Amino acid sequence: MKIKKKIIIAALSCAVLGTIAYFAYVFPFYEFEQNDYDTSLDKILSLDYLKTLAPLFIIIGLSAIGIVTTVCLRKQMLKKDKTYSRFAGREKSGNAPKQKPVPFMVIRWIMMIGFGFMMIWGGLIFGLKMSSVSIPILSCPWNTEQMTESSCYYLSHLNELFELPIKSILLFFGSTLLFIVLLGRTICGFLCPMGLIQDIMDKIRQKTKTEGISANEKLYSTLTPIKWAMLLIFIGLCFVGGNFCNFCPAVAVSPILAGMSTSLYVSGFLMIFVLIGGFFKRRLFCNICPLGYLIGLFHKISLFRIQKDCTACTECGACYEACPMGIKQIYTERNKTNVTDSNCIMCGECVKCCPEDKALSLTCAGINLYTSSRKDIMSGYTPKKK
Amino acid sequence: MRIMITREQERKARQDKRFISKETQTAAKYLRSIDELSGAPDGMKPFLDTLNRIYVEMQGLNATQKTIGTYCVIAPQELIYAAGAVPVKLCSGNYTAFFVGDDIAPRDACPLVKAVAGFKNTGLMPVYEDCSLMIVPVTCDCKKKIAGMLSEQCEVMTMHIPTSKGDDEIDEFVSQLYDMAARLEDITGNQVTYDSLAEAFRITGRAQYELSEFIRLKKGNPYLIRGTHAMTIMNAAAYMPAEQWADALHSVNDSLKNKEKSGRLVTNKKLPRILLTGSPIVFPNMKIPLLIEEMGGIVAGDETCMGERGLYDPPVITDDSFDGMMRALANRSLRPCPCPTFADNSQRIYRLKQLIKDNDIQGVIYHVLRGCLVYDFEYKRIEEELGQLGIPVIRLESDYNEEDVEQLRIRIEAFIELIKLKQEPEKRKTGRRYL
Amino acid sequence: MANNDKTSVYEWEYMDSFDRIWSQQKHLPEIKYFLDTEYSWAKNQCRPKVVILGTGIPEELAYACGAAPYWLIGGSLASTVWSDEHVPRDTDPVSRSILGYINRQGTVDFSDSLFIIPMTSDSMRKIAYQLKTEGRTICLVDIPPQRSDSKSSEKWQRQILDMTKAISEHTGSRITRSSMISAAQRISKARYALNAFLNISRDRPDIVPNATRLLIQDSYYRTFNINEWTYRLQMLTAKTAELTRRYAYVGQSRPKVMVMGSPIIFPNYKIPFLIDDVGLNLTDTVDSTFLKQYLIYEKSDLHGSYSRIIKNIASAWYSRDASSAFVRNDSMYHYIKWRINKKDVEGVVYHVLKGQIEQDFEFERFEMLFAEYGIPMFRLETDYQYQDIEQLRIRLEAFSEMLTQNRYKEVKQAK
């Protein structure tokens, strides 16, 4: 897409989303009569917890309805097409051949679930030990019982940040930058609870064998200007008097699960969008996440890299098809060894799907963490296994 | 009148007999040469038997299911297995059929297409006659037009192969594969379901796994297996169902692993390692690999579509739905394919460089069939690129007859001498070390 | 020195054909405009924005973007020599000529142009890549070869839409609905005028000699101003009509012969001149370019949004295209059958250029068709060289005698 078109789309979405974000308090999704920001372990184990979880149930319910409706609508549309309609609606009882589980992926899931658990309930269980450290992650800091502070609050409320004492400001920037350099966008792929939710939605889709939206350059180039708009709104909304937290979908996750009754405004609607979108297109929200984009801008100094051996690459495009962020340069690059992109969340899907030995590898400070291997790909087909 | 008819019939019967005897003789001769070539691994027998059965005994596949003929590796075999049929690759290498086809097809057409026309015309080859459907991917002009000619005699389905590999083209190719699956369903009467497709992936996947093991074992230097034998194994894959072929290849792999452990090599000398690339080498047109190995070289790599290229790339499933599997097939068929039908085939040069690096190649022989324009166009660029690496390349143009064997022999001998000369200083170095 | 030789062959080719055509005409000095068009194309030094290789795509779309396209369709022997090192030995002369024109230094400046390349044959595919490596801007147009496929027309429409976008981006001018409609109407007018002219002049080789008629058809692809070309052609048609009324046709009518297969392109007119020499009457050269002149747009085709119009144009073109890029050239087959039924054809010369293998494949099918109707057919394989003229002359003379004998046989049978 031409730059001019991208700028036009960015400006348009900035205007639309910005207005919605500014007037977010006008659209209540679920309002509690009294916002109760206190929480304790007893509250979680009591029936009150279910009341606080009410908006979450509504969100999940509406998303499920939305997904089912979309699938049915799609079936209706396909009926018109002669060839596709033949194959729609057939039984899917068997299983597609799958690779054996790889240590890297297992560790990633464990870390995601573990960290998500710690972020949401860690403070309640273990006490607030690290709460002065700020990690750039989209785990909502309205949950004051979080294990660590989340940078997203002060980054979206920069006017409040500069009213704090110097020490806090330095601690904030220091810890944020430290995590950005050390981990980079691995936070997105290994730690972020929003990422966990989207990956769970994707797993559900794979298990039910529903079709998703496939890799398409036009789709990704439309999402890029929306991402720019989101970043602008994220940073700039506080200066025009709006509150990003009424707009951000992460509010619907962490505080509510921790037991705080928070009223949801536009966030609830956005969360439904995240769930439905994440079902059909893997990690759709991560493609427009402003915080992720911010971290990604520093990818050149981060420790984690994706390395490619261009001679071994056969240009099969599997890495591009598998990538949730739609990074094409892994597939098309023919000369450089370092193919890390600002969008890359280090999920390792490209390395998992690469059929050539040692063509792609994920490295941290030069150490190979995960390398592509043909044997792994073919592990679903080894002899004496039918 | 009746006398004339019977005379016609007699003439045709005589022609057919001559055709059969010549054809079987040539095929048997090449099978013998391959068999007699030293260094054949144990377990070659099933492959030679298949080729024997198809070309010498003139029997068909003897499969219970329907056979579907394909003319290019771009048509995915998984769909054919999913529809409950058996695929057969019908690209022909047969000299006798070529003679017959010479009169039917235009004079400048490539010999592969002439041989196909010849076979179809005589109607004697069960492999061709038994096919319920022929799938012809339109990769070059000759294939395009032969599809038109074949459609007058049997069921033909053409597939449009795009000339570039963008996202839109992949989407269009996916819909092409859906059309292919629909047509296969109509022909075979079976349904292509999720389960049958998954099972088909498993069947071909297993064959591909065995092949990757085989390639890994083949890379060893000095060699465990000659290139001619490897190419025969690949050629036999065209006529064997994937499970059978995978089983046979498994035993070959086992025997090669034993050889590796016990140190029994094909030969103790360091033979010049040659990469063969270009137009496909189809049985029984094995004169070039046989000549190379006769003259003291070894065919260490093979970048032709009847060789490794056909089963090398596995389909990578990124999405578990039915559409996802079809997309995996479309991606596998188009994206890594270095066929010159694509306008931009620079990835073939990278593939060649990969093979050169993996197998430590010292010389490249570029094989062009007479009339094959697409491969001819690419020769100049490949010569330049490989020249920059310091690898000598020669262009061998040949046809489907045995008259040019002597000329080819002389040129190949000269080429191998050239490589040996370049190799000489290395040999002396090792000699001194032993002293 | 070598360059000079090549240029002089180029000049000689053009001059020779011009002289021959000019010397044949008696009543129509108007054809000078068309000769000048050809000459100025051969000699010009322009910087074209849009270059189309071959005739495989609808040119209406190029005109709609405000660019008069510059066609490279082959034709000159000298141009095949200019590209000798870049192509394999077996390439056909049309592709060689096209590549030769592009690589030629000193006259036309192609540094700024967008090349539109329809994938009609293998050589076009590979030439496209060569041009890309030289750093030129190209736009590939893939032709789905099987019309009966469910989605081929849609694929073709998408290719054409992409091509139109590429042209408008490169020239910088936007396509609007009105520019599309006016371009389609302009082209329709030009084609209609050509059709009218051919119908008038086909039966009167004494007023408009055959080679002249072919040249006027060819000049459609060499003109830089299609409006003026149409206007001049209409004047010429009017004058020809008047002359046909004034003068009766004296002299014996010669056997009518049709040339099929590979295109005959100015200045390589050795075949039309030969056919003239041996006493035959060349009515038409029926190749894919010929049938395009029948594609005239009605008002109903040009309705709707501009993308709808583009799609209509594309699908009309696709269903009627008679190029050899299809698996079976059904359009050509049906047209030939129609001509035969009109009793317009007494003999056929099937022209095959060395290396155009797709024409050779179609030859078989047409051979059977003509045998069915008892029409003699003659396969003429040649390239752009002039060395085999004598050989061809002898064979054509034999063919001509056979046709004349056939005529007498028919007359005899009628008696």
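Colleague: What does the domain assignment of chain A give?

Modeller: Bear in mind that this is a predicted model. For chain A, the assignment gives domain 1, made of 3-21 + 38-67 + 102-296, and domain 2, covering 304-380.

Colleague: How many Å separate the centres of domain 1 and domain 2 of chain A?

Modeller: Taken over C-alpha atoms, the centres of domain 1 and domain 2 of chain A are separated by 26 Å, and the contact between them involves 17 residues of domain 1 and 18 residues of domain 2.

Colleague: And which elements supply the side of domain 1 of chain A that touches domain 2 of chain A?

Modeller: At least two residues each come from α6 (103-126), α10 (186-191), α12 (217-236) and α15 (284-288) of chain A. By class, the residues on that side of domain 1 of chain A divide into 7 nonpolar, 5 polar and 5 charged.

Colleague: Changing topic, how many residues of chain B are in contact with chain A?

Modeller: There are 40 residues of chain B in contact with 41 residues of chain A. On the chain B side, the elements giving two or more residues are α8 (167-188), α9 (194-218), α14 (322-334) and α15 (347-359) of chain B, and α9(B) gives the most, with 10 residues. That side of chain B has 13 nonpolar, 12 polar and 15 charged residues.

Colleague: Over to chain C, then: in what order do the strands form the open sheet?

Modeller: The 4 strands of this open sheet in chain C follow the order β2-β1-β3-β4, with parallel pairing. Because β2 (70-72) and β4 (137-141) of chain C stand at the edges with a single partner strand each, one side of each is left without a neighbour in the sheet. From one strand to the next, the twist averages 25°.

Colleague: What joins β3 to β4 in chain C, and what lies across them?

Modeller: Strand β3 (residues 114-118) of chain C is joined to β4(C) by 5 bridges, and C:Ile116 stands opposite C:Cys139 in β4(C). Helix α7 (residues 152-171) of chain C lies across β1 (50-53), β3 and β4 of chain C, running at about 160° to β4(C).

Colleague: What is C:Ile116 in contact with, apart from its neighbours within four places in sequence?

Modeller: Its contacts, with those neighbours left aside, are C:Val50, C:Ile52, C:Leu53, C:Ile57, C:Cys139, C:Val141 and C:Met163.

Colleague: Which residues have the most contacts inside the largest nonpolar core?

Modeller: That core has 343 residues, and those with the most contacts inside it are A:Ile187, A:Cys319, B:Leu79, B:Ile135, B:Leu177, C:Ile116 and C:Ile117. The element giving the most to this core is α9(B), with 10 residues.

How values were computed. Residues numbered from 1 in each chain as written. Chains lettered and ligands numbered in written order. Predicted model: local features only at pLDDT ≥ 70, side-chain atom pairs only at ≥ 80, totals over all residues. Contact = placed C-beta atoms within 7 Å. Nonpolar A, V, L, I, M, F, W, Y, C, P; charged D, E, K, R; others polar. Pairing = 2+ DSSP bridges. Axes fitted to C-alpha atoms, helices over the stretch in contact; angles between N-to-C directions. Domains from an automatic or database assignment. Core = buried A, V, L, I, M, F, W, Y, C linked by C-beta atoms within 7 Å. Buried ≥ 20, exposed ≤ 12 C-beta atoms within 10 Å, placed from the backbone.
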